[in-house]
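Hi,

Here is the structure I promised to pass on.

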Amino acid sequence: HSARYRRYSNSKLNLVKSLFDCPHNLRWRIWLAGSRLEINLNNISKARRLLTIAFLIVPIKSKVYVYLEASRLEEYVGNISLSRKLLSIACNELSNEWKLYLEAVLLETRQGNMYEAIRLAQIGLENHPGTGRLWSILIQLCHRLETIIPNKFIKHINNTNNMIEFDDIDNEITSLFNPTANSVNYNILIPNKLDIFNNAIHHVPKSGEVWCEGARCVLNPMNIISFDLNIAQKYLLYS
């Protein structure tokens, strides 16, 4: 342990030296690095203070990275509500940053709130339809839910709005969704993954991630309607 803390002490000293040599417009990066160091030492209050300093001096074009770091810190210590709040504020303030929407989706996914993650991905795509990462994660989420949910819960496919509708979901299935969200009820609608994929390649035809997710959609041998190895191979070649 003494050797470990000695290395951390040397790292802190190097950060202090860098702070004096670093241009003013880049000093926020030093405070950000310092907060990560304090997190590794489990000095959460110090990490928060360093992030606060970074917030005060960071240029607006780089503020997204401080927001992301602050949100991840709160998630790390188990303060999920504050982590969500930070991302919500950031998305409103910096709506041109697709990384914030992606992080919000990933946060809900890690918490098991799959339906909320899908909703946030759709909101992100309304603002950033040319972002392949958002399209690919939306396809992935819908594919995952369609795979997890037993066929007996699927009611029918609504061809009008291309949504899969299912009712009477038991506790095992509802645990996949955020039980506290006011917008979630027992009549849940999930976008059809293949329709999303077709829409995605219209907006981002050169996204390798999207083509890979398209291949995944047709590689489920339990789904005899969509299972097709030839199409999967073609999609992977495109990627």
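A word on the ground rules. This is a predicted model, so to speak of local features we need a pLDDT of at least 70, side-chain atom pairs count only at pLDDT 80 or more, and totals for chains, interfaces and linings use all residues. Residues are numbered from 1 along each chain as its sequence is written, and side-chain values use heavy atoms, with hydrogens and water left out.

**The whole chain**

The mean pLDDT (the predictor's confidence in each residue, from 0 to 100) is 84 for the protein chain, and 82% of its residues reach 70 or more. Take care with residues 150–187, where the pLDDT is below 50. That stretch still has 65 contacts (heavy atoms within 4.5 Å) in the model beyond near neighbours in sequence.

The chain has 12 helices and 3 strands. These are DSSP runs numbered from the N terminus: helices are H or I with at least four residues, strands are E with at least two. Of the 239 residues, 44% are buried. Buried means under 20% relative accessible area, exposed means over 50%, and partly exposed is in between (1.4 Å probe, protein chains only). Among contacts between residues at least 6 apart in sequence, 55% join residues at least 24 apart.

**Helix H3 and what surrounds it**

H3 covers residues 44–57, which is 14 residues. From first C-alpha to last it reaches 20 Å, close to the 20 Å expected at 1.5 Å a residue (the expected span is 1.5 Å times one less than the number of residues).

Which residues of H3 are buried? They are Ile44, Ala47, Leu50, Leu51 and Ala54. Seen down the helix axis, the buried residues fall within an arc of 120°, so they line one face of H3. (The arc is that of the directions from the helix axis to the C-beta atoms.) Their cover includes helix H2 (27–40) and helix H4 (63–76).

Ser35 sits in H2 and is buried, with a relative accessible area of 0%. Leaving out residues up to four places away in sequence, Ser35 touches Ala47, Leu50, Leu51 and Glu69.

Lys61, in the loop between H3 and H4, is exposed at 67% relative accessible area. Lys61 and Leu94 are 33 residues apart in sequence and 9.0 Å apart in space, C-alpha to C-alpha.

**Ring pairs**

Rings of Phe, Tyr and Trp (its six-membered ring) pair if their centres lie within 6.5 Å; planes under 30 degrees apart count as stacked, over 60 as edge-to-face and the rest as tilted. By this rule there are 6 aromatic pairs.

Trp28 and Tyr65 have ring centres 6.3 Å apart and planes at 15°, so this pair is stacked. Trp28 lies in H2 and Tyr65 in H4, so the pair ties together parts that are 37 residues apart in sequence. Trp28 is buried at 2% relative accessible area, while Tyr65 is partly exposed at 37%.

For Phe55 and Tyr67, the ring centres are 5.0 Å apart and the planes are at 70°, so this pair is edge-to-face. Phe55 is in H3 and Tyr67 in H4, 12 residues apart. Phe55 is partly exposed at 24%, whereas Tyr67 is buried at 7%.

Elsewhere, ring pairs link Phe197, Trp211, Tyr235 and Tyr238 into a cluster.

Cheers
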